[in-house]
Amino acid sequence: MPSYDLKCRCGNQFNVSASISERTGKRILCPECGSNELEAVFKSVGILSSRRSPEMPSCPNAHVCGGGCAH
């Protein structure tokens, strides 16, 4: 079941696990005021990337791809 970060028109923000049909059917209620007028809150996502270790061979096609591919 998906988890949603929601904000009510009363200003309350909360997280709830609910089915997609509950969300689209407006059957999720604000725990503070009981309203079903809710909007999604989008939070930032941290993305980590790793650097190639020196012992890994470089891309044989670096002259074409710039060395950023997974060859």
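Modeller: In this predicted model, the sulfur of Cys-10 lies 3.7 Å from the closest cysteine sulfur, that of Cys-8, which is too far for a bond. A disulfide here is a pair of cysteine sulfur atoms within 2.5 Å, and by this rule the count comes to zero. Cys-30 is likewise in no disulfide, its nearest cysteine sulfur, in Cys-8, being 3.8 Å away. Cys-10 is partly exposed, with a relative accessible area of 43%, whereas Cys-30 is buried, at 4%; buried means under 20%, exposed over 50% and partly exposed in between, with a 1.4 Å probe and protein chains only.

Because this is a predicted model, local features need a pLDDT of at least 70 and side-chain atom pairs count only at 80 or more, although totals for chains, interfaces and linings use all residues. Residues are numbered from 1 along each chain as its sequence is written, and side-chain values use heavy atoms, with hydrogens and water left out.

Cys-8 also belongs to strand β1, which covers residues 3–8; strands (E, at least two residues) and helices (H or I, at least four) are DSSP runs, numbered from the N terminus.

Strand β1 lies in an open sheet of three strands, ordered β2-β1-β3 with antiparallel pairing. The edge strands, β2 (13–17) and β3 (38–40), each pair on one side only. Neighbouring strands are turned by 40° against each other on average, direction ignored, with axes fitted as lines to C-alpha atoms, and angles between N-to-C directions on a scale from 0 to 180 degrees.

Two strands are taken to pair if DSSP finds at least two bridges between them. Three bridges join β1 to β3; on that side, Cys-8 stands opposite Leu-38 and Leu-6 has Ala-40 as its bridge partner. Towards β2 there are five bridges, again antiparallel, and Tyr-4 faces Val-16 across that pairing. The hairpin of β1 and β2 has four residues between the strands, and Gly-11 in this hairpin takes a positive phi near 100°.

On the β2 side, Asn-15 is partly exposed, with a relative accessible area of 47%. Not counting residues up to four places away in sequence, Asn-15 touches Ser-3, Tyr-4 and Asp-5, where contact means heavy atoms within 4.5 Å. The C-alpha atoms of Asn-15 and Ser-3 are 6.8 Å apart, although 12 residues separate them along the chain. The Asn-15 side chain makes polar contacts with the side chains of Ser-3, at 2.9 Å, and Asp-5, at 2.7 Å. A polar contact is a pair of N or O atoms within 3.5 Å; within protein, one must be able to donate a hydrogen and the other to accept it, and residues adjacent in sequence count only if both atoms are side-chain atoms.

As to confidence, pLDDT is the predictor's own score for each residue, from 0 to 100. The chain averages 83, and 72% of the residues score at least 70. Where pLDDT is low, predicted coordinates should not be read in detail.
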